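User: Hi! I am new to this structure and would like to learn how to read a helix and its surroundings. Could you walk me through it?

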Amino acid sequence: MSTSARRQEASAELQRDWETDSRWAGIERTYSADDVVRLRGSVTEEHTLARRGAERLWDLLHTEDYVNTLGALTGNQAVQQVRAGLKAIYLSGWQVAADANLSGSTYPDQSLYPANSVPAVVRRINNALLRADQITWSEGDDTAPEWLAPIVADAEAGFGGVLNAYELMKGMIASGAAGVHWEDQLASEKKCGHLGGKVLIPTGQHVKTLNAARLAADVAGVPSLVIARTDAQAATLITSDIDERDQPFVTGERTAEGFYRFRNGVDACVARGLAYAPHSDLLWMETATPDLEVARDFAERIKAEHPDQMLAYNCSPSFNWKRHLDDATIAKFQRELGHMGYKFQFITLAGFHSLNHSMFNLAKGYARNGMTSYVELQEAEFASEADGYTATRHQREVGTGYFDAISTTIAPEASTTALTGSTEEDQFSAAH
C-alpha cells in the first residue's frame, strides 16, 4: 500500500474515532485528522504509562463522586500516597521549582527552571510506582493497591509559544503523565497563582496553547487529559486587547512595559472558561480564597452552556483555611465541590509542607532529646503498620528483596543475597 493510501486509511479511522467515541464528546479541535496523521510519521511509539494513566483517570472522573489527591514532591511520597489509598497523583510545578528541578536550584514559582524538569519528575514518580508494583507482585501480595496511579502534571504557561507547548506535552506523555494543565499567563512573566504581577495572554492565544497540547497527544495516539486553567480572577494585566472576548475587561490604560490593565474577577474567569471548555477536558479557575459561593457561581455559569464540563479545584496551602472557614465547612468542603462538578481536587503543595514540617519536628526533638525523638518516630511507624504502612522496613521498601530474587533467578545457589542475614530481617519482624 502506498504512503498516501496508508495515510488516508489512518485519517479515516481517526476521524471515525473522534465522531463515535464518547471520550471525545464535546471536544473541538482546530485541526483535522489528516493533519494528525501527516505529523505522526510511519512509526508511532507506544506510550503505555501515559495511555493507561489517561484511561484510568478518565474512568475515575466518571465513576467517583470526585477524585482528590495531594501534590507529590518525590517518588517515595507518591508511593506512600498510593499505599494510603489515594487514586491519583498531582505534580506541582511550584514544588518542582522549589526542590525537584533539573538545575538543582531552589526557585520561586516563576518558570525559572529547565522546561523538561516536570517530565523528569513524572518519570521519577512512575519509576517509584513501578518498583513498588514489582516488589508486591514478586511477593504475591494480594492486598497491594493499584500502584500506577494516574499523574496530573503542571505545564505552567507552556514555557513559550505553541511550539514549546507542543514539545512539552510530548515530553509529559513520554514520561507517562495522564493529564497536563496549562494556565493562561504570559510564559515570560509567569507567576504562581497566588503571587502578584500576573500577565494574561489573549483568550484566543490560550485556545491555541490548549490545541497544541491536544495535537501532541493526538499525534502520540494517547487520550491525554488537557486541563485549562485561568488566572483571570486575580491577574491585573494582559498583553493585548486584540481579542474581542477580552475587550470588556480591558481598561485601555497601559503600563510602562506596554501591558494593558485588566479588570479581573469571576466574570472574566467565566468568559475565558466558556471559550476554553470546548478545547479542554477539565476547567480550573484559580481562586484567592476557599469560597464555596465563588466556586458555585463559576460552576453554574459554565455548566449553563456546557452541562457536561468537568471542573478542577486547587485546595491550596496558600489559603489560611481556618481564617476563612469553620471546621464544619472545612469537613464538607470537598464533598460540596464534588456536587458542583469539581471532579478533580488537589492540594498542590502538600509534599512540600509535609516534608518540611515533619523533618523540622524530628530535628527539633532530636536536637533537644537525641535518640528519644527518633525512636518516637520509629514507634509511630510501627503503629502505622496496622493501617498498611510498610516503609518501616526500608530495605524491603526500596527493593532489596526484589533484586535478591533477580540474583537467585540468575544464580540459584548464590550466597550473596542482601536481605537474608540483614539487620532488618533480624530486628524488624512482625513481632518487632
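Analyst: Gladly! Let us begin with a term: helices here are DSSP runs of H or I with at least four residues, numbered from the N terminus. Please keep in mind that this is a predicted model.

User: What caps the N-terminal end of H12?

Analyst: That is Asp326, which places a side-chain oxygen 3.3 Å from the backbone nitrogen of Ala328.

User: Which residues of H12 are buried, and what covers them?

Analyst: Buried means under 20% relative accessible area. In H12 this applies to Thr329, Phe333, Gln334, Leu337, Gly338 and Met340. Their cover includes strands S1, S11 and S12, along with helices H10 and H11.

User: Is Thr409 buried or exposed?

Analyst: Exposure means over 50%. Thr409 has a relative accessible area of 63%, so Thr409 is exposed. This residue is found in helix H16, and a polar atom of its side chain lies 2.6 Å from the backbone oxygen of Ala405.

User: At what angle do H13 and H14 pack?

Analyst: They pack at about 140 degrees, with their axes 6 Å apart. That angle makes H13 oblique to H14. Among the residues making the contact are Leu362 and Tyr366 of H13 and Tyr374 and Leu377 of H14.

Methods: Residues are numbered from 1 along each chain as its sequence is written. This is a predicted model: local features need pLDDT of at least 70, side-chain atom pairs count only at pLDDT 80 or more; totals for chains, interfaces and linings use all residues. Side-chain values use heavy atoms; hydrogens and water are left out. Buried means under 20% relative accessible area, exposed over 50%, partly exposed in between (1.4 Å probe, protein chains only). Helices (H or I, at least four residues) and strands (E, at least two) are DSSP runs, numbered from the N terminus. Contact means heavy atoms within 4.5 Å. A polar contact is a pair of N or O atoms within 3.5 Å; within protein, one must be able to donate a hydrogen and the other to accept it, and residues adjacent in sequence count only if both atoms are side-chain atoms. Axes are lines fitted to C-alpha atoms, for helices over the stretch in contact, and angles run from 0 to 180 degrees between N-to-C directions. Angles under 35 degrees count as roughly parallel, over 145 as roughly antiparallel, 65 to 115 as roughly perpendicular and the rest as oblique.
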